[in-house]
Amino acid sequence: MSEELLAVKGLVKHFKRVRAVDGVTFSVAVGETLAIVGESGCGKSTAGRLVLRLIEPTAGEVRFEGEDLLALGSDALRAKRRAMQIIFQDPYGSLNPRMTVGQMLEEPLLLHFLHEKNRNKRVAELLHLVGLAPEHAQRYPHEFSGGQRQRIGIARAIAVEPKLIVCDEPVSALDVSIQAQVINLLQDLQRRLGLAYIFIAHDLAVVRHIATRVAVMYLGKIVEMAGKRELFARPRHPYTRALLAAIPVPEPGAAARRILLEGDVPSAIDPPSGCHFRTRCPYAQARCAAEEPVLEDGVACHFWRDIPAPPQNAVLIRVNERLARLQAAFRN
Ligand code: SF4
């Protein structure tokens with residue numbers, strides 16, 4: 001079994017009355033990619049930030065290499081943050097427009113007292129690792145394209161030699177061909193540096209390309225968790241099946257569209273009783289309103305065994321068509 005790097009147990013975040021994350025449990029092994037997927041507002045980005053304690057959990061446990069992160073004081077937490085970094089969706093918003101790329105890459109090195117004798121050399125090395133040139137160190141963020149800015153964000157994240165990176169929708173703001181380049185770069189860095197990723201996304205075709213395991217979230221809870229192959233070949237939860245069936249197949253040249261599902265996501269302030277998905281689930285029964293299903297054997301649904309399997313061809317054709325477009329872009 002792979003060595004466990006991160007263990008999250010019963011993680012909760014309530015913003016006043018909003019139950020953004022409502023008791024999630026998962027682990028991440030050394031060098032693996034756990035994808036967290038779900039519609040907008042399902043709590044996946046909040047879960048990623050809670051793991052890093054960028055926001056404070058309401059309850060739960062986060063252990064990194066066996067150490068209880070929630071018990072750490074600010075100094076110990078700062079030291080630990082060296083091993084846990086984040087890449088944001090909006091590369092421009094995450095970069096300081098008044099600093100050169102070189103200054104931005106030096107900043108985390110200064111903070112952690114790294115490469116004190118030759119920071120310029122380390123900056124050049126980082127730029128090389130993400131496919132940029134040493135002279136880019138003198139330039140400012142506005143002088144770069146979206147894809148290049150995301151490369152700068154990645155260089156900043158790997159500067160301090162982390163073990164885990166939370167990738168929060170890192171390619172969803174980019175054009176599809178640029179998405180492919182950035183994903184290839186992330187995979188290449190994972191192999192070279194032994195990184196583990198929590199990859200937060202709503203695009204299941206991208207997830208199928210990069211993930212080792214997948215956790216599907218709905219209204220603050222994980223409703224299904226499985227290995228990538230298993231999840232795409234045999235989705236069990238009705239919500240996972242709906243997400244897979246809703247994968248858009250874009251017209252040639254069109255940007256990837258968001259996954260949409262019939263009906264509105266209920267409010268996280270007052271979620272439905274029992275199973276949170278019951279107001280949109282075509283298989284809901286009386287028990288679903290009365291009793292909340294727990295995640296058992298990787299799926300949280302009372303009746304998944306009784307629900308007819310989806311026509312595999314229909315699901316896989318959609319996933320594969322979308323994936324084929326991405327892979328064509330990966331090759332370019
Ligand atoms: Fe649907 Fe009931 Fe399963 Fe929830 S528990 S997903 S409502 S069948």
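The pLDDT is the predictor's confidence in each residue, on a scale from 0 to 100. In this predicted model, the chain has a mean pLDDT of 89, and 88% of its residues reach 70 or more. Over residues 251–260 the pLDDT is below 50. Beyond near neighbours in sequence, this stretch has 18 contacts in the model, a contact being heavy atoms within 4.5 Å. Where pLDDT is low, the predicted coordinates should not be read in detail. Local features need pLDDT of at least 70 and side-chain atom pairs count only at pLDDT 80 or more, while totals for chains, interfaces and linings use all residues. Residues are numbered from 1 along each chain as its sequence is written, and side-chain values use heavy atoms, without hydrogens or water.

The chain has 11 helices and 10 strands. These are DSSP runs numbered from the N terminus, with helices (H or I) of at least four residues and strands (E) of at least two. Of the 332 residues of the chain, 52% count as buried. Buried means under 20% relative accessible area, exposed means over 50%, and partly exposed lies in between, using a 1.4 Å probe and protein chains only. Among contacts with a separation of 6 or more, 67% join residues 24 or more positions apart.

Helix H1 (residues 44–51) is mostly covered, with six of its eight residues buried. The buried residues are Lys44, Thr46, Ala47, Gly48, Leu50 and Val51. Just after H1, Arg53 takes a positive phi of about 60 degrees.

The largest nonpolar core holds 60 residues. A nonpolar core is a set of buried Ala, Val, Leu, Ile, Met, Phe, Trp, Tyr and Cys residues joined through side-chain atoms within 4.5 Å. Leu189 and Val214 touch the most other members of this core. Not counting residues up to four places away in sequence, Leu189 touches Leu129, Val130, Ile154, Ile158, Gly194, Leu195 and Tyr197.

Ile183 is found in helix H6 (residues 176–193). Ile183 is buried, with a relative accessible area of 0%. The C-alpha atoms of Ile183 and Ile210 are separated by 7.4 Å, although the two are 27 residues apart along the chain.

A cavity is a set of points where a 1.4 Å probe fits but cannot get out; a pocket is an open set with protein on both sides within 12 Å along at least five of seven lines; lining residues have an atom within 4 Å of a point. Grid points are joined across faces, edges and corners, and a volume is the space filled by probe spheres set on the points.

About 500 Å³ of space lies in the largest pocket. Its lining has 23 residues, of which Gln85, Ile86, Phe88, Pro108 and Arg156 lie nearest the centre. Helix H2 (74–81), strand E6 (84–87), helix H3 (101–111) and helix H5 (146–158) each give two or more residues to this lining.

The count comes to one cavity of 30 Å³ or more. The largest cavity has a volume of about 90 Å³. Of its 15 lining residues, Pro238, Cys275, Cys281, Cys288 and Cys301 lie nearest the centre. Cys301 is found in the loop between helix H10 (286–290) and helix H11 (312–331). At 17% relative accessibility, Cys301 counts as buried.
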